[in-house]
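This briefing covers side-chain contacts in one protein model.

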Amino acid sequence: MTGSPNGTTVDLSADVRRQLPSSGSLDRGCVGVTPLTARREPWMNSLLHDPALGSLLQQYGSPLNVVTADPMLGNVRELNAVAEARSLDFRVFFARKANKCLTFVNAAPLAGSGIDVASLNELEQTLQSGITSNDIICTAAIKNANLVEVCVRNEITLTIDNDDELSLITHTAKKLAKPAFVAIRLSGFIHGGNKLHSRFGVDIEHCESFAKGIAADHARVTGLHFHLDGYCGQQRVSAIAQSLAVVPPLRQQGHPIEFLDIGGGFPISYLSSGEQWETFWNEHRRGLLQQRPPLTYRGHGLGLMAVDDKIVGQPNSYPYYQTPTRSAWLAQILDSPVADSTVADQVRDHNLQLRCEPGRSILDGCGMTIARVEFRKQNAEGDWLIGLSMNRTQCRTSSDDFLVDPIVIPQTDYSEDGRPNEHKTEPMEGFLVGAYCTESELICLRKLRFPAGIRRGDLVAFPNTAGYLMHFLESRSHQFPLAKNLVYDSRSQTPWMLDKIDAEQTSVL
């Protein structure tokens, strides 16, 4: 069965199913000059073969985000299993900022996950979804009075790292005659002889003095928290060991430290092949050194540049291929030696619950972004530009580029008499560009090959975008509407349904 735009189901006969291309054929319509082939979940392949896909974009607009929660449940359970095998009290808190869809908020309790919120809207939506206060932590970088009041009123733990936050929280607790629950956010850990700098967190050297300023009758320090940039497991080991060292003195001050929260940054891999990833960067460096044609638009360096025949700089990119990932990465951390035992043993010996706040890794495999081709043209340099009905903020985080090959889904259009039009398309190379009126408006900076061509009306899918890529930077410049978010459930009688967040957006806008 497959879905139609109105939510009904359509039976695909055996003959039709046999005519569907194999999942491998999806990779042939668009290939990077140096390929970076995506990992895909089975539901993604099913969706990309679905004849209803073009109609869905006609109904809901381009681009369209498609999400499903099933992989999320498996990802959380995978982490839980690692902790359970080590007899750890452990809890995942899904980082809500990674994706705004309420589908994931509603799914989190099914896997035993809590929710990490970073704004008042995120918090209120989470509460309205029926998530209890004990299942929420607020890690917002900026906490205004309204956010703090909702947290204190509902006994939701807030992370704090400065005196101004503490003053506001204490004032609010006095006003409401309710104690505030807080976790001290730490930073400044020593790793490999160097200090790990961050704009977030109280320097661990000052943690005890900061805690002394917290009046127990108004604020209760129930936990410690940190979040490190990057994906180095051994840095986490150092941070955990140093955080554990301050637990006894804080408890002696009267603070009931119950948990240690190690934040997010659990790595995933978007790509099938580490060899492809290594080859891409080697060839990209050669292109910057003019040893081969560049792989990117006008030789964009992606964080690198050529100086005196040498490459300098660092890639400004998520490591789209890496190992270990998620559960294996967590297992390595928990099994690392600390003080004649392991991290897991030390956390258990300190009678702490270990918490984490993954976003990207929990949403691994949970979504795709699909857009419609609106034009093809050549610029003055002879490069083909393929215009998509979307903008670059709708598939981007802090990386310079989305370093995964998109997928082209050819569409058939019909003449007035109902016959399919035969439009021959020639193979071409080019760049995907977006809707904003700036020279920098490229969806993909890498040059892509279209072996069977590409034409107006075809669809281009960006796989595995649920974690941060859909919503973290999305904008409404030019007054373009935000992308709709469609929930896909192949087992349901109504496999297509708009996520409830779109009703929230409508009421706001």
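Does Tyr320 count as buried or exposed? At 1% relative accessibility, Tyr320 counts as buried, because buried means under 20%. The model is a predicted one. Across the whole structure, a search finds 19 aromatic pairs, and the count of salt bridges comes to 25.

**Aromatic pairs and cluster**

- Phe94 and Phe104 pair edge-to-face, with 6.4 Å centre to centre and 65° between the planes.
- This pair links distant parts of the chain, 10 residues apart: Phe94 is in strand β5 (residues 90-95) and Phe104 in helix α5 (residues 102-107).
- Phe94 is buried at a relative accessible area of 0%, and Phe104 also counts as buried, at 0%.
- Tyr318 and Tyr320 form an edge-to-face pair as well, at 5.7 Å centre to centre and 80° between the planes.
- Tyr318 is buried, its relative accessible area being 4%.
- Both tyrosines belong to one aromatic cluster, made up of Tyr231, Tyr270, Trp277, Phe280, Trp281, Tyr318, Tyr320, Phe402 and Phe462.

**Charges over rings**

- The charged end of Arg355 sits over the ring of Phe259, 3.8 Å from the ring's centre.
- Arg91 lies over the face of Phe93, 5.3 Å from the ring centre.

**Salt bridges**

- Arg40 and Asp27 form a salt bridge whose closest N and O atoms are 2.6 Å apart.
- Arg40 lies in the loop between β3 (31-32) and α2 (42-48) and Asp27 in the loop between α1 (14-19) and β3, so the pair ties together parts that are 13 residues apart in sequence.
- Within this pair, Arg40 is buried, with a relative accessible area of 18%, whereas Asp27 is partly exposed, at 25%.
- Asp335 forms a salt bridge with Arg86, and 2.8 Å separates the closest N and O atoms.
- That pair links distant parts of the chain, 249 residues apart: Asp335 is in the loop between α12 (326-334) and β17 (337-338), and Arg86 is in the loop between α4 (70-84) and β5.
- Asp335 is partly exposed, with a relative accessible area of 41%, and Arg86 counts as partly exposed at 22%.
- Asp458 and Arg455 meet through their side chains in a salt bridge of 3.8 Å, N to O, and both residues are buried.
- A network of salt bridges links Arg39, Glu78, Arg326 and Asp364.

**Surface patch**

- Met305, Val307 and Val312 form a nonpolar patch on the surface, together having about 230 Å² of accessible area.
- Met305 is in strand β15 (residues 304-307) and is partly exposed, with a relative accessible area of 49%.

Terms used
Residues are numbered from 1 along each chain as its sequence is written. This is a predicted model: local features need pLDDT of at least 70, side-chain atom pairs count only at pLDDT 80 or more; totals for chains, interfaces and linings use all residues. Side-chain values use heavy atoms; hydrogens and water are left out. Patches are made of residues with over 30% relative accessible area and no salt bridge: like charges are joined within 9 Å, nonpolar side chains (Val, Leu, Ile, Met, Phe, Trp, Tyr) within 5 Å. Accessible areas come from the Shrake-Rupley method with a 1.4 Å probe; for residues, only the protein chains shown count as cover. A salt bridge is a side-chain nitrogen of Lys or Arg within 4 Å of a carboxyl oxygen of Asp or Glu. Helices (H or I, at least four residues) and strands (E, at least two) are DSSP runs, numbered from the N terminus. Buried means under 20% relative accessible area, exposed over 50%, partly exposed in between (1.4 Å probe, protein chains only). Rings of Phe, Tyr and Trp (its six-membered ring) pair if their centres lie within 6.5 Å; planes under 30 degrees apart count as stacked, over 60 as edge-to-face and the rest as tilted. A charge sits over a ring if NZ of Lys or CZ of Arg is within 6 Å of the ring centre and within 35 degrees of the ring normal.
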